[in-house]
Amino acid sequence: LVTTDTPLPFRELCARIHDRIAAFLDAKDVSDRVKSVQAQTRLSLDIIDRALAQYSLPELSLAYNGGKDCLVLLILYLCALHKRGLTNTSNPSSNIETAVQCVYIQDAHPFSEVEEFVTQCIKTYSLALLEYAKPMKAAFADYLRDTPSVKAILVGTRRTDPHGEYLKHFDPTDSGWPKFVRVHPVIDWHYVEIWTFIRHLNIPYCTLYDRGYTSLGGTTDTQPNPALARQPSSSQTTQLGAVNGAVNGTPKPIFRPAYELEDDYEERLGRDR
Ligand code: ATP
């Protein structure tokens with residue numbers, strides 16, 4: 001769908017993503033799982049479209065940390081921007097008001113792989129991303145001070161995430177938090193649906209997911225998901241050692257890729273909190 005080599009002009013990128021998603025939605029004779037992802041995609045596009053009807057682009061932003069859920073959200077957002085004719089500008093990346101505004105709060109101990117992926121996404125998707133290295137609340141306060149036009153922020157939280165259970169599609173922040181409306185277009189996607197979408201549309205994702213990480217925090221509180229551990233045969237160790245850091249000939253647990261996990265509730269088994 002997108003290459004990581006030479007970024008496409010923003011308008012063309014969004015048009016391509018839109019066309020690819022339209023073809024995905026049109027596909028017939030697909031598995032039940034793909035059908036459910038088609039339904040989720042339609043619903044999420046509808047929610048994003050409602051946000052675009054309600055807010056102008058300078059009023060909208062996206063909370064982006066390179067994770068799989070906000071990656072799906074970003075792709076859907078670019079599709080929705082094209083659908084609404086909001087990408088008709090010759091050089092959007094040079095204009096903060098028309099490029100995709102994002103806020104990224106860096107973990108106190110970030111993975112270099114996450115940092116690299118976010119940097120790559122800034123180039124590939126023309127993100128106007130502001131980065132803050134401080135706790136969430138202070139970071140959002142600073143972001144709203146630095147970008148006072150922002151009134152609503154798209155967030156990739158899902159139902160099974162901490163605090164996701166009772167969220168609606170549009171929610172003002174809780175009292176005591178910087179004031180903005182949180183928009184949750186992928187709130188009801190299941191874990192496997194996120195991966196079906198990413199893999200079906202061939203979207204590049206952070207390399208940690210291929211090494212058994214299923215949800216990304218920082219280096220001090222995130223491990224590969226133990227539910228994906230396997231004891232390889234020695235030939236597998238040789239083939240896969242480079243991927244998971246195992247030494248040739250020394251059998252030690254290696255981890256299957258994140259997309260092989262099935263259960264929503266096992267997603268955070270590699271996270272300390
Ligand atoms: P993963 O669970 O695999 O890490 P993810 O980061 O997309 O994927 P969550 O960690 O569940 O999902 O976080 C939910 C959403 O909250 C993200 O999709 C993103 O929109 C927002 N978010 C979380 N952490 C950050 C952060 N550090 N900076 C910016 N946005 C964030």
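Asp-19 is partly exposed, with 13 other C-beta atoms within 10 Å. On that scale a residue is buried if 20 or more other C-beta atoms lie within 10 Å of its own, exposed if 12 or fewer, and partly exposed in between, the C-beta atoms being placed from the backbone. Asp-19 belongs to helix α1, residues 10-26. Helices here are DSSP runs of H or I with at least four residues, strands are runs of E with at least two, and both are numbered from the N terminus. Asp-19 and Cys-79 are 60 residues apart along the chain, and their C-alpha atoms are separated by 8.2 Å.

Two remarks on the source. This is a predicted model, in which local features need pLDDT of at least 70 and side-chain atom pairs count only at pLDDT 80 or more, while totals for chains, interfaces and linings use all residues. Residues are numbered from 1 along each chain as its sequence is written.

Now the chain as a whole. The protein chain has 7 helices and 8 strands. Of its 273 residues, 36% count as buried. Two residues are in contact if their C-beta atoms, placed from the backbone, lie within 7 Å. Among contacts in the protein chain between residues at least 6 apart in sequence, 75% join residues at least 24 apart.

Next, strand β2. How many of the residues of β2 are buried? The count is 6 of the 6, so β2 is largely enclosed by the rest of the structure. In a regular strand the side chains alternate between the two faces of the sheet. In β2 both faces are covered: Val-100, Cys-102 and Tyr-104 are buried on one side, and Gln-101, Val-103 and Ile-105 are buried on the other.

On to the pairing of β2, where two strands count as paired if DSSP finds at least two bridges between them. Strand β1, residues 60-63, runs parallel to β2 and is joined to it by 2 bridges. Ala-63 stands opposite Val-103 in β2. With β3 the pairing is also parallel, over 6 bridges. Val-100 stands opposite Leu-127 in β3, and Ile-105 has Tyr-132 of β3 as its bridge partner.

In the loop between α4 and β3 we find Ser-126. Phi of Ser-126 is near 50°, a positive value in a residue other than glycine. Ser-126 is buried, with 25 other C-beta atoms within 10 Å.

Helix α5, residues 136-146, has Ala-139, Phe-140 and Tyr-143 buried. Seen down the axis of α5, these buried residues fall within an arc of 95°, so they line one face of the helix; the arc is that of the directions from the helix axis to the C-beta atoms. On the other side of α5, Ala-138 and Arg-145 are exposed. What do the buried residues of α5 pack against? They pack against β2 (100-105) and β3 (127-132).

Then the ligand. It is surrounded by 16 residues, the closest being Ala-63, Gly-67, Asp-69, Cys-70 and Gly-156. The elements giving two or more residues to this shell are α3 (68-83) and β2. A residue is near the molecule if its C-beta atom, placed from the backbone, lies within 6 Å of it. By class, the shell has 8 nonpolar, 5 polar and 3 charged residues. Ala, Val, Leu, Ile, Met, Phe, Trp, Tyr, Cys and Pro count as nonpolar, Asp, Glu, Lys and Arg as charged, and the others, Gly among them, as polar.

Last, two residues further along. His-163 is in the loop between β4 (152-154) and β5 (170-172). His-163 has a positive phi of about 70° although it is not a glycine. Is His-163 buried or exposed? His-163 is exposed, with 8 other C-beta atoms within 10 Å.

Asp-171 lies in strand β5 and is partly exposed, with 15 other C-beta atoms within 10 Å. Leaving aside neighbours within four places in sequence, Asp-171 is in contact with Val-181, Arg-182 and His-184. Asp-171 and Ala-152 are 19 residues apart in sequence and 9.4 Å apart in space, C-alpha to C-alpha.
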